[in-house]
Amino acid sequence: MTDISRYRNIGIFAHVDAGKTTTTERILKLTGKIHKIGEVHDGAATTDFMEQEQERGITIQSAATTCFWNDHRLNIIDTPGHVDFTIEVYRSLKVLDGGVGVFCGSGGVEPQSETNWRYANDSRVSRIIYVNKLDRMGADFYRVVKQVEDVLGAVPLVMTLPIGIEDDFSGVVDLLTRKAWVWDNSGDPMNYTLEDVPADMVDLVEEWREKLIETAVEQDDDAMEKYLDGEEPDLETLKTCIRKGTIDLAFFPTFCGSSFKNKGVQNVLDAVVDYLPNPYEVPAQPEVDMEGNETGKLAIVDPQKPLRALAFKIMDDRYGALTFTRIYSGSLGKGTTVLNTFTGKTERIGRIVEMHADSREELDTAQAGDIVAIVGMKNVQTGHTLCDPKAPATLEPMVFPDPVISIAVSPKDKAASEKMGLALSKMVQEDPSFHVETDEESGETIIKGMGELHLDIKVDILRRTHSVEVEVGKPQVAYRETITKRIEDVYTHKKQTGGSGQFAKIDYVIEPGEPGDGFVFESKVTGGNVPREFWPAVQKGFAQSLEQGVLAGYPCLDFKVVLMDGGFHAVDSSAVAFEIASKAAYRQSMPKAGPQLLEPIMKIDVFTPEDHVGDVIGDLNRRRGMIKAQEAGVSGVRVKADAPLSEMFGYIGDLRTMTSGRGQFSMEFSHYAPCPANVAEVVIAQAAELKKAS
């Protein structure tokens, strides 16, 4: 059995362009996993193996790889930074024990860093911070440390200080050992010397070292007392304190360097081993029953316990479907049978492989703490639990956001039609934030996603990976409907023509609910006028109807139905009759209840150089944006706003034009809000035309 305490399951996450993938490349080189470093800007990075990633120089799907450092096994996941692929970060964090948050030395804490940090906080993942790109123009390590405190509300524990900055950046000072790591300019990460602290940095090093020790000893009362008495803790005690504080999320050890120039990455690797938790040190995963309620049991990391594993990613490649799986307890062997608690079906494990980006090594067994890929699973999807059939249990499932943007795609010819169906079903399995449905009226295939780039990449994958030529319609917004008035109403359903009759009478109230509540049903019937066994049928009728709003056919949100009274017939009443009655009641009453169209509002975070702020704000106002905040930084201004999705199509092109190509923005769904009357009229008219045309 391998020693699980020597495992580190870590993710590398950050904003677009902070250097995550480059950092991963350097780690793989240092650990001997690759011999030639591939560069992101050349499209040759090991973990960016999709054509679309290589062309655009961004990471789209998280890639998994395994390597070894100082006798420890590191399972590393390199995640995307772009906001449209946040789902990849979320599901990776769900199965990791620790993380490395990479920040750009000149860009600092950027919008997506905040989102990723928030996800990591929600998942309670211990992290270390790595401030990268200190060789770049405008880099400032101390400013980024301050931003981590102010913007993320985190406590950075500075462990290394930079020697020189921008073009003069040559190495780092390790505050614990008071040693300077100085690299030459050959670009070889192994060409460094350990020297004394440069004379002009001695005071600075002592000042930051004191802060480091004061923060660390708070984790140990004995060390704290001795320190207050003037006795400095030894290196071992300090490391133990830092490890404890890191695992408890009390602070985040902070390192600096330049991955591209191969300076400072060894210190980060040492920190992963020294301070990030092994699988034993992470809170055990709670088990839940089939309804999603916690059972009070935990999946304890132990190879001897029953199998508990979570499928966190499905990927299709030339060998078939790969199911990336984190094993929480027990062990998994080739040829064993596992139960998928979501489907209730068992599956046999054919092949287990250890992934290195897109190449693989075959394994016979895997155990608690491992992250492996299983080849050829039939009915497993993201978030499903695999367990021992003799001791079934479910792990807490993943929750994914609903898509906010959709486009219609149609195959160019009959031959492409069948291929497109197969390709889309594979893509839906791989990405839970990507939805596909067929419009019943027009027969069109609609694909839905988290943003324009998300859908753009999906269409690209259809064309290139699956060789399906498609025509793409205009982007559509996922509008919703709601009501604004309380209505009391009665509906009677009677059918007495041949055979057994149907009868159902309901007295009900429909009223607006609280935003975010969805559909709520309640029954206040007393005295048996509507027998209790028919209540679920009434609820079902309304619940099924809300998929079609009365204004433009969009799903209806946030309303409450209260069943007050009604009537039934001893022979002719049935669940079906009450269901039909409630569907008709919905159509009868919703138009009277002040129906209103809602539009998705996006949280916008725009970065712009200072001289273009006026143009950017003016443009956002024209797009019905509400400016929330402006924050001046060293290299520009961040404008935070809320704006309707319908006004934001093509925004990146306009922003680049306004800011001479220097502007950046990120956008994520915030909430639904009422549409202005003039916008609602246009949307409703378009819906009516579509209905007529079909």
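Tutor: Let's begin with Arg209, which counts as buried because its relative accessibility is 6%; buried means under 20% relative accessible area, exposed over 50%, and partly exposed in between, using a 1.4 Å probe and protein chains only. Before we go on, note that this is a predicted model, in which local features need pLDDT of at least 70, side-chain atom pairs count only at pLDDT 80 or more, and totals for chains, interfaces and linings use all residues. Residues are numbered from 1 along each chain as its sequence is written, and side-chain values use heavy atoms, with hydrogens and water left out.

Arg209 has a partner in Glu232: the two form a salt bridge, and their closest N and O atoms are 3.0 Å apart (a salt bridge is a side-chain nitrogen of Lys or Arg within 4 Å of a carboxyl oxygen of Asp or Glu). This pair links distant parts of the chain, 23 residues apart, with Arg209 in helix H6 (residues 202–216) and Glu232 in the loop between H7 and H8. Helices (H or I, at least four residues) and strands (E, at least two) are DSSP runs numbered from the N terminus.

Asp229 is exposed, because its relative accessible area is 68%. Asp229 belongs to a negative surface patch together with Asp221, Asp222, Glu225, Glu231, Asp234 and Glu236. Helix H7 (residues 221–228) gives the most to this patch, with three residues. Patches are made of residues with over 30% relative accessible area and no salt bridge, like charges being joined within 9 Å and nonpolar side chains (Val, Leu, Ile, Met, Phe, Trp, Tyr) within 5 Å.

Now for salt bridges elsewhere: the structure holds 29 of them. In one, the side chains of Glu362 and Arg351 meet at 2.7 Å, N to O. Glu362 lies in strand S20 (residues 359–363) and Arg351 in strand S19 (residues 351–356), so this pair ties together parts that are eleven residues apart in sequence. Glu362 is partly exposed, at 43% relative accessibility, and Arg351 is also partly exposed, with a relative accessible area of 31%.

Another bridge joins Glu579 and Lys583, whose closest N and O atoms are 3.5 Å apart. Both residues lie in helix H13 (residues 575–589), four residues apart, about one turn of the helix. Glu579 is buried, with a relative accessible area of 17%, whereas Lys583 is partly exposed at 27%. Salt bridges also link Asp619, Arg622, Arg623 and Asp654 in a network.

For a further buried arginine, look at Arg480, at 17% relative accessibility, in strand S30 (residues 480–483). Leaving aside its neighbours within four places in sequence, Arg480 is in contact with Tyr554, Pro555, Leu557, Gln596, Leu597, Leu598 and Tyr672, where contact means heavy atoms within 4.5 Å.

Finally, here is the wider setting. The protein chain has 16 helices and 38 strands, and of its 694 residues, 54% count as buried. Among its contacts with a separation of 6 or more, 71% come from residues 24 or more positions apart.

Key. Areas by Shrake-Rupley, 256 points an atom, 1.4 Å probe, with all protein chains shown as cover. Lys, Arg positive; Asp, Glu negative; His and termini not counted. Charge placed at Lys NZ, Arg CZ, Asp CG, Glu CD.
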